[in-house]
Amino acid sequence: MTTHQLSFTVNGTSYERSVPAQRLLIDLLRDELGLTGTKEGCSIGICGACSVLVDGELLSACLLPAVFVDGKAVTTIEGLAEPDGELSPLQDAFIRHGGFQCGICTPGQIIAATALLDEVQLPTQDDIKSWMKGNLCRCTGYYKIIESIEAAAEVQAREASVS
Amino acid sequence: MRTFDYKPAGSVAEAIGLLQEHGSDAHLLAGGTALILMMKQELVQPEVLIGIRDIEELRGIRELPDGAIEIGALTTHRQAEHSPIVQRHAPALAEAFGHVATVRIRNQATLGGNIAHADPAQDPPAMLMALGASALVTGPDGDRSIPFDELFLDYYETALADEEVLRSVRVPAMPAGSRARYVKFLPRTQDDYATVAVAAWMQLTDDGVCSDLRLALGAAAPTPVRAVAVEEALRGQRLTDALIEDAAELVRDEVDPIDDVRGSADYKREMARVWVGRMLHDLLDEGAAARGAA
């Protein structure tokens with residue numbers, strides 16, 4: 001079993017860690033860094049609960065060897081709000097529009113939607129459905145999730161046009 | 001997941017050296033979506049994973065002087081899906097990449113990994129087979145090219161030797177009057193594997209004769225398969241609705257599906273017939289429209 005010296009950031013904080021080859025990003029985040037906002041659902045890359053951004057790209061932490069994040073910037077749900085606690089437009093919209101029920105899928109939903117809005121400023125409902133099909137909600141609150149994303153997209157687009 | 005050694009390689013030569021050193025205990029690791037999943041389920045338990053994701057010579061998508069394109073093995077599904085070169089060369093191929101799983105998986109999974117994994121239900125292999133693609137591989141004795149028709153041997157088994165590395169996929173030039181399409185029949189959910197998938201490439205002459213075609217099916221046999229009997233029935237013919245319906249019947253005997261949650265083998269045979277028929281009608285209509293517009 002080889003061990004690997006990694007240097008990476010999570011939500012802007014730098015970390016140096018030595019990990020065994022089989023360590024997955026989900027376990028590094030939750031067990032070693034205490035960032036338990038990222039959830040593990042299916043463990044096989046289907047449900048989307050473990051969605052994270054690595055250098056801005058949406059990935060499954062449950063399938064990602066930790067060695068792959070060496071030199072990279074990881075963003076988790078804990079990193080979306082402003083340092084003063086102000087929520088991101090998506091986080092705020094999920095609350096206002098009831099975009100969650102039990103909440104277990106919510107960090108993954110919001111991270112996935114964050115990646116969508118980074119790429120498409122004002123997605124159509126079809127864009128949202130197609131992008132978000134990789135994030136399952138077993139409470140089946142899908143309409144409210146779509147509504148939340150549409151609302152956040154409008155807020156962000158408005159903010160972008162003002163600034 | 002069992003413990004293992006991770007050994008990153010900086011070049012194809014170094015990866016081949018590591019494969020020679022560790023033999024069948026070693027697997028190549030690119031994106032990891034398929035391999036890590038199988039290791040978690042303990043279906044494969046390699047002692048050594050050879051990391052190839054930092055090998056620059058396996059990256060990139062380029063146009064070749066003869067009109068073909070070459071897609072590097074480390075190209076992610078999402079890069080291929082959005083590549084202007086792939087979209088211009090064969091929109092149906094870009095579409096097939098876009099049908100794989102979800103954005104998250106397409107960001108991580110590579111073309112080379114997809115092919116080496118040899119899952120018969122994957123989308124790109126059938127489309128690449130229909131386009132007449134070949135895989136360029138390098139081993140201890142040098143390079144060789146394997147046509148997609150000879151690449152897949154069985155479930156999760158390819159013609160690559162243990163010490164060979166898949167470098168790239170070459171998709172030949174699209175001759176005038178040729179077009180390709182991909183259809184994935186998904187009666188359950190949008191992120192599912194296909195119940196059956198049909199990939200087709202067809203060349204029509206100016207007067208509507210099918211001068212050549214290749215049809216390949218995914219999720220319908222232990223490997224992606226060519227529907228050779230259907231092709232032979234139509235090659236050189238002026239296509240009519242009746243001819244297409246008769247030819248589509250022949251696909252039933254070319255596929256070898258299994259009973260599973262996506263349907264019985266009989267149902268899948270019937271769906272193969274239905275979707276091959278629709279595919280051929282659509283290609284014919286599209287060809288006619290293109291000629292009308294020209």
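## An exposed threonine in chain A

With 10 C-beta neighbours inside 10 Å, T140(A) counts as exposed. The cut-offs are simple: a residue is buried if 20 or more other C-beta atoms lie within 10 Å of its own, exposed if 12 or fewer, and partly exposed in between, with C-beta atoms placed from the backbone. T140(A) sits in the loop between helix 4 (125–132) and helix 5 (142–162) of chain A. Helices (H or I, at least four residues) and strands (E, at least two) are DSSP runs, numbered from the N terminus. Phi of T140(A) is near 60 degrees, a positive value in a residue other than glycine. Most residues other than glycine have a negative phi.

This is a predicted model: local features need pLDDT of at least 70, side-chain atom pairs count only at pLDDT 80 or more, and totals for chains, interfaces and linings use all residues. Residues are numbered from 1 along each chain as its sequence is written, while chains are lettered from A and ligands numbered from 1 in the order in which they are written.

## A buried alanine in chain B

Chain B has a positive phi to look at too. Phi of A219(B) is near 60 degrees, and this residue is not glycine. A219(B) lies in the loop between strand 13 and strand 14 of chain B. Is A219(B) buried or exposed? With 27 C-beta neighbours inside 10 Å, A219(B) counts as buried.

## Chain B as a whole

Chain B holds 11 helices and 14 strands. Its C-alpha atoms fill a box of roughly 60 × 45 × 35 Å, taken along the principal axes. With 294 residues, a compact globule would have a radius of gyration near 19 Å; chain B has 19 Å, which agrees. That radius is taken over C-alpha atoms, and the globule rule is 2.2 Å times the number of residues to the power 0.38.

Buried residues make up 50% of the 294 residues in chain B. Now take the contacts in chain B between residues at least 6 apart in sequence: 63% join residues at least 24 apart. Two residues are in contact if their C-beta atoms, placed from the backbone, lie within 7 Å.

## The four-strand sheet

Four strands of chain B form an open sheet in the order 11-12-13-14, with antiparallel pairing. Two strands pair if DSSP finds at least two bridges between them. Strand 11 (178–185) and strand 14 (225–226) of chain B stand at the edges, each with a single partner strand, so one side of each is left without a neighbour in the sheet.

How many bridges join strand 11 of chain B to strand 12 (residues 196–204) of chain B? There are eight, and the two strands run antiparallel. R179(B) stands opposite M202(B) in strand 12 of chain B. Helix 5 (residues 91–98) of chain B packs on this sheet and touches strand 11 and strand 12 of chain B. The direction of helix 5 makes about 20 degrees with that of strand 11 of chain B. Helix 11 of chain B also packs on the sheet, touching strand 11, strand 12 and strand 13 (210–218) of chain B. The direction of helix 11 makes about 30 degrees with that of strand 12 of chain B.

Strand 4 (residues 61–63) and strand 5 (residues 69–72) of chain B run antiparallel, joined by three bridges. E63(B) stands opposite I69(B) in strand 5 of chain B. Their hairpin has five residues between the strands, and G67(B) takes a positive phi near 90 degrees there.

Strand 5 of chain B also pairs with strand 10 (residues 165–171) of chain B, in the antiparallel sense, over four bridges. I71(B) stands opposite V169(B) in strand 10 of chain B.

## A covered helix

Helix 8 (residues 123–130) of chain B is mostly covered: eight of its eight residues are buried. Among them are D123(B), P124(B) and P125(B). G132(B) follows helix 8 of chain B and has a positive phi, near 75 degrees.

## Where the chains meet

The contact takes 22 residues from chain A and 19 residues from chain B. Which strand gives the most to the side of chain A that touches chain B? Strand 4 (residues 57–60) of chain A does, with four residues.

Technical notes. Axes are lines fitted to C-alpha atoms, for helices over the stretch in contact, and angles run from 0 to 180 degrees between N-to-C directions.
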